[in-house]
Structures are given as C-alpha cells and as structure tokens.
Amino acid sequence: MPRFRAILDTMPPYRAGKAVVSADGRSYKLSSNESPYEPLPSVVEAVARAAGQMHRYPDPAATGLTEALAERFGVPAEHIALGAGSVTVAQQLFETVSEPGAEVIYAWRSFEAYPLLADLAGATSVRVPLLGEGHHLEAMADAITPHTRMIFVCNPNNPTGTVVQAAELEAFLDRVPQDVLVVLDEAYHEYVRDAGVPDGVDVYRDRPNVAVLRTFSKAYGLAGLRVGYLIAAEPVASAVRKTTVPFAVNQLAQVAAIASLAAEEELLERVEVVVKERDRVRGALVAQGWTVPATEANFVWLRLNERTLDFAEACAAEGVAVRPFAGEGVRVSIGEPEANDTFLAVAAAFPRG
C-alpha cells in the first residue's frame, strides 16, 4: 500500500451541494448558491464559436481575460491572478504563505473550504467564532501572533450572508501588521445592496497587504466553467501566479468570462431580480417567526442547531435541496420563485419551538 500524508486521514472531503427529488418528481436545487438562470445567449454563442478550437491549449496567461478585468476595474494587469474558480485561487493563496508553523486566521463558521485548504497546505488554522452570525473583527485582530501569515474575511460571509461594514474593516486593517496578508473573499459582492459595505477593490488600492478574491461562478452564472480571480498588489498577484497549474483556466472558460464582462449590464439585471427574491424570502421567513440574519448574498441562513438535519430532510421530502451544516443550521440559495415558494411552505410547516 502506498504511503500518504497523515493529514489525509483526518480530513473530510469537500461536500458539494446535491439535488433531491420528491415523491411526485419535483426537484429544486437550493444548495449550491448557483444562478437560477441559464447562460446569456451571447455567452453561449461565444463559447460555441470557441469550441472549434478545443484541440488547442488555452492561453496559459489568459491574456484577453486579464486585460478585460484590468479595464473593468481600472487596475494594472499585473495586479490580477486567475484560477479555476475562486476556491482554486484561495488554494494558491494558502500555498504562497504556508510553511510549518504558519498560521491562517478566519471566522468560523465561514466558507467550509478554508480548513481543508489550510490542512492541505500545512498551515495552522486559527478559527475565531462568529459574533451574532457575523465576523468578530476585534477578536480576529486579537488572535494575530508573530506566526500569522494570512487572514480571510469573507464578505458577505458564507454561509450566514452577514457583512462587514467599511468603518469596522478599516479599523481592523489598521491593527493588522503589514507583513500579514488580508484576503477579502467577495464571491457574492454583486449581490450587496448595503451602501456601508466596502468594495474590496477600493480598499486594496491603498493597502498593499490586502487582496480581493472574486468569481464568475455566482452572479455571472459560470459555475460549470470555473473562473475565479484575485486583485492585489503586484508582489501578491505575482506570488499567486507562481502557484498556478499550467493552463488552469480552460479556453472556453476564458471566452465565456470575457463575453460575460461584455454583457455585464444584462447580467446584473438578473442579479437585481435575485436580490428582490432574496428580500422577499427573508421577509416571509421573518413573518413566519424565524430569526434570519440580514443577508447581502444570494442565500439565507437559518440557525437550527440540533434540528438542522431534520429540517433538511423535511425540505428534501418536498424536492428542495438545501445545504445543512449539522448541529448549526442550513443555508438556502435563492432560486426561481416556484422553488422559493416551495421552500417557504416547508419552513412555514416546520415547528420553530
């Protein structure tokens, strides 16, 4: 039997959201925070044209996409690094800072891939409990030691949907040593409507130890093609690019992302519809008597503690797949109105005592 790293014996695999089917054949996947909409016709057409070149390797530097992102955000192309989804770029970040004894701080609960990526990279995770379902930035700053290399701030936070405000983020960043990298994980940035939430791209411009992580998987609807990107000062972006697997972003993904940026106005109209549905769903849940934190993402969070798996099973019986975190709560993506209404009916019938 080949010998493997000992850490693998203690690591649970990443659990992707899955679909369920009710007894009468209904199936609504509200477990993966995907866009409920099919790709735009212009994006499909661009991918179809590019499909004829599948026998060729993609541009390893993704030059066209890098330039399009640089123009879109008004940043130098040298400040951009790409990967196969933002989770892969996060993995690259862990690889750039990790070595024996290195510590990485993040809130918990937050994005469930953080501990897996830390373990794989050989970093020590420092988990700081949430405060009222949101980041406790003061406690996170208190947790910094001479061994701290990186801090993740997921804003909006996955899975709770809560946000960090600009003033509290600035106060936090003022306490972080300049040799500690702060990653603002903004996978759901396009869904934010709270004017007090900072735009990480604005923040990074004056802080060379801040990096911004974003994705085309959510608002842009390209989850199946896997495109994520980092915006950071050149030394940070350069270090991340060194850890990139050659040809990581395939040709069709590059083309789709460029076409999506060109169609951004149309895409963001869809996002606005999701935001309105999000607010409707949360309002209905609150009216039912649930405690639901204000969310700026494309999902809602219900803290159910020991009833979490029972609630997920009740949803599954009606063909609604949600994302349970055993002993904590469920995250429910915003889907089509029919899917949302079916979920709300389950929530209304489920005992809250």
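Patches are made of residues with over 30% relative accessible area and no salt bridge, with like charges joined within 9 Å and nonpolar side chains (Val, Leu, Ile, Met, Phe, Trp, Tyr) within 5 Å. The model is predicted: local features need pLDDT of at least 70, side-chain atom pairs count only at pLDDT 80 or more, and totals for chains, interfaces and linings use all residues. Residues are numbered from 1 along each chain as its sequence is written, and side-chain values use heavy atoms, leaving out hydrogens and water.

**View A. Nonpolar surface patch including Met1.** Met1, Phe4, Leu8 and Leu120 make a nonpolar patch of about 500 Å²; accessible areas come from the Shrake-Rupley method with a 1.4 Å probe, and for residues only the protein chains shown count as cover. Methionine 1 belongs to the segment before strand E1 (28-29); strands (E, at least two residues) and helices (H or I, at least four) are DSSP runs, numbered from the N terminus. With a relative accessible area of 90%, methionine 1 is exposed (exposed is over 50%, buried under 20%, partly exposed in between; 1.4 Å probe, protein chains only).

**View B. Strand E2 and its partner E8.** On one side of E2 (residues 80-83) Ile80 and Leu82 are buried, as are Ala81 and Gly83 on the other. E2 runs antiparallel to strand E8 (residues 228-232), joined by four bridges; two strands pair if DSSP finds at least two bridges between them. Alanine 81 has leucine 230 as its bridge partner in E8.

**View C. Strand E6 beside E5.** Five of the five residues of E6 (residues 181-185) are buried. Five bridges join E6 to strand E5 (residues 148-154), in parallel, and valine 153 stands opposite leucine 184.

**View D. Surroundings of glutamate 328.** Glutamate 328 lies in the loop between strand E11 (323-325) and strand E12 (329-333) and is buried, at 17% relative accessibility. Its side chain makes a polar contact of 2.7 Å with the side chain of arginine 109 (N or O atoms within 3.5 Å; within protein, one must be able to donate a hydrogen and the other to accept it, and residues adjacent in sequence count only if both atoms are side-chain atoms).

**View E. Salt bridge between glutamate 318 and arginine 26.** The closest N and O atoms of this pair are 2.6 Å apart; a salt bridge is a side-chain nitrogen of Lys or Arg within 4 Å of a carboxyl oxygen of Asp or Glu. Glutamate 318 lies in the loop between helix H11 (308-317) and strand E10 (320-321) and arginine 26 in the segment before E1, so the pair ties together parts 292 residues apart in sequence.

How values were computed. Contact means heavy atoms within 4.5 Å. Lists of a residue's contacts leave out its neighbours within four places in sequence.
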